[in-house]
Amino acid sequence: MDLKKRAKVGMVGCGFYAQNHLHAWADLRAAGSDLVAVCDIDSGRAEAAAQQFGVKAYVSVDAMLDAEPLDFVDIATRVASHQDIAAKAAERGIGAIVQKPLAPTLADCVAIVETARRHGSWLAVHENFRFGTAMQRIKAVLDRGDIGAINWARLSFRTAFNVYESQPYLAKEPRLCILDSGIHVLDLARFFMGEVERISCETQKRNPAIAGEDTSTMMLRHKSGAVSLVEATYEAKRLPDVFPETLLEIEGSAGSVILLPGQRAIITSRDKSYEEELRSPILPWTDVRWHVSQEAVLHANAHFLDRFLEGRAADTSGEDNLRTFALVEAAYQAAETHCSVRPEFS
Ligand SMILES: NC(=O)c1ccc[n+]([C@@H]2O[C@H](COP(=O)([O-])OP(=O)(O)OC[C@H]3O[C@@H](n4cnc5c(N)ncnc54)[C@H](O)[C@@H]3O)[C@@H](O)[C@H]2O)c1
């Protein structure tokens, strides 16, 4: 079978976070990405993106999919529209990358994955945190066995950064913190420590002006026997505010990794300790505050492009992401029942 060397990409959604995707596709031109069209139901946004990146603008996904010979679409609309757009792509045999969360519920996520499977269509979920430079380098440390068998961890996304300013819709979400940010941290817990046997969770609404929970404290028992604490909150009033960094401590039988603000890691391995700077250089389109998140988009997209061109599933394929989403669903159930819950697909 002849493998493709380049992929024609169509962007769906040209809003707040999609700007990072657009820059990433432009940067990945040499690696084989050809961004050919963008689509947004807001014509102003579609036109602005089309002009900036020198591609064609559409206001209808159907029109774009029917007119352009795309290899895959990159869907960065809000969660409610993901299923419909992903189905339009799958039905035409076009691959899709879908921003997290894949869908509002696990049942909807399963439906998206099954539609892609039925049509034999490639599907990845844009779960970018694990593709960040620091997380990839920490994973390499763990995989080398430098800290031995992992047995305990804390992963925390704690901020009071005003997310409601750049994403005002978040204030109205009935399921907020776990579904929006906790999902990334749960995915990291899986990435580092593997699948999960059971999860318990307490949620809080510390800001009375918003609809959903803004704080979640979760405890996971992994199948390996490791235990991890997974924290996500938008109400941690501490300076410096490290948003959007996830900090972590991972302990193993022979050492530990501690990721501190500024992406500095202290690694202890068999009685020796050393410090490493895991921050990647600022790019022309990344800014100091958002860099950690933005550079993870670039690396995530690079991974998706490579895997698509190789004809292989992404590490965060639709099927893989069901396991992350199952943790989200189990966490909400645990918070409601005050009991630990065995996630589906465990
Ligand atoms: N990975 C991360 O760190 C991260 C950060 C922020 C947002 N996100 C995710 O990105 C996604 C988008 O969030 P956002 O804050 O950029 O939203 P946004 O509202 O700023 O942008 C969404 C865009 O999609 C367009 N749109 C809606 N329906 C459409 C349709 N049917 N066809 C074409 N365009 C359509 C809207 O007009 C809007 O411009 C969400 O899934 C969110 O969770 C991820």
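Me: Before we start, what should I know about the numbering and about which atoms count?

Reply: Residues are numbered from 1 along each chain as its sequence is written, and side-chain values use heavy atoms, with hydrogens and water left out. Since the model is predicted, local features need pLDDT of at least 70 and side-chain atom pairs count only at pLDDT 80 or more, while totals for chains, interfaces and linings use all residues.

Me: How do I read a salt bridge, and how many salt bridges are there?

Reply: Side chains of opposite charge can pair when their charged atoms come close. The rule here asks for a side-chain nitrogen of Lys or Arg within 4 Å of a carboxyl oxygen of Asp or Glu. That gives 28 salt bridges. One of them joins R29 to D34, with the closest N and O atoms 2.8 Å apart.

Me: Is D34 buried or exposed?

Reply: Buried means under 20% relative accessible area, exposed means over 50%, and partly exposed is in between (1.4 Å probe, protein chains only). D34 has 12% relative accessibility, so it counts as buried.

Me: Which parts of the chain does the R190 to D320 pair link?

Reply: R190 and D320 form a salt bridge with their closest N and O atoms 2.8 Å apart. The pair ties distant parts of the chain together, as R190 sits in helix 8 (residues 177-193) and D320 in helix 10 (residues 318-337), 130 residues apart. Helices (H or I, at least four residues) and strands (E, at least two) are DSSP runs, numbered from the N terminus. R190 is buried because its relative accessibility is 7%, and D320 is buried too, at 16%. Both also belong to a salt-bridge network that links R130, D187, R190, E195 and D320.

Me: What about R264 and E275: how far apart are N and O?

Reply: Their side chains meet in a salt bridge at 2.6 Å, N to O. R264 is in strand 13 (residues 264-269) and E275 in strand 14 (residues 272-277), 11 residues apart. R264 is partly exposed at 32% relative accessibility, and E275 is partly exposed at 47%.

Me: How do I tell a pocket from a cavity?

Reply: Both are sets of points on a 1 Å grid over the protein atoms alone: in a cavity a 1.4 Å probe fits but cannot get out, whereas a pocket is an open set with protein on both sides within 12 Å along at least five of seven lines, and lining residues have an atom within 4 Å of a point. Grid points are joined across faces, edges and corners, and a volume is the space filled by probe spheres set on the points. The largest pocket has a volume of about 1100 Å³. Of its 48 lining residues, A76, T77, R78, Q167 and Y169 are the closest to its centre. Helix 8 provides the largest share of that lining, 4 residues. The lining also draws at least three residues from each of domain 1 (7-121) and domain 2 (130-279 + 323-337), with bounds that come from an automatic or database domain assignment.

Me: And what volume does the second largest pocket have?

Reply: About 250 Å³. Its lining has 18 residues, and S156, R158, R238, L247 and E249 are the closest to its centre. Strand 7 (150-158) is among the elements that give two or more residues, and strand 7 gives the most, with 5.

Me: How many cavities are there?

Reply: There are 4 cavities of 30 Å³ or more. The largest cavity holds about 120 Å³ of space; of its 14 lining residues, the closest to the centre are F129, M135, P244, T246 and V292. Helix 9 (291-310) is one of the elements that supply at least two residues there, and its share, 4 residues, is the largest.
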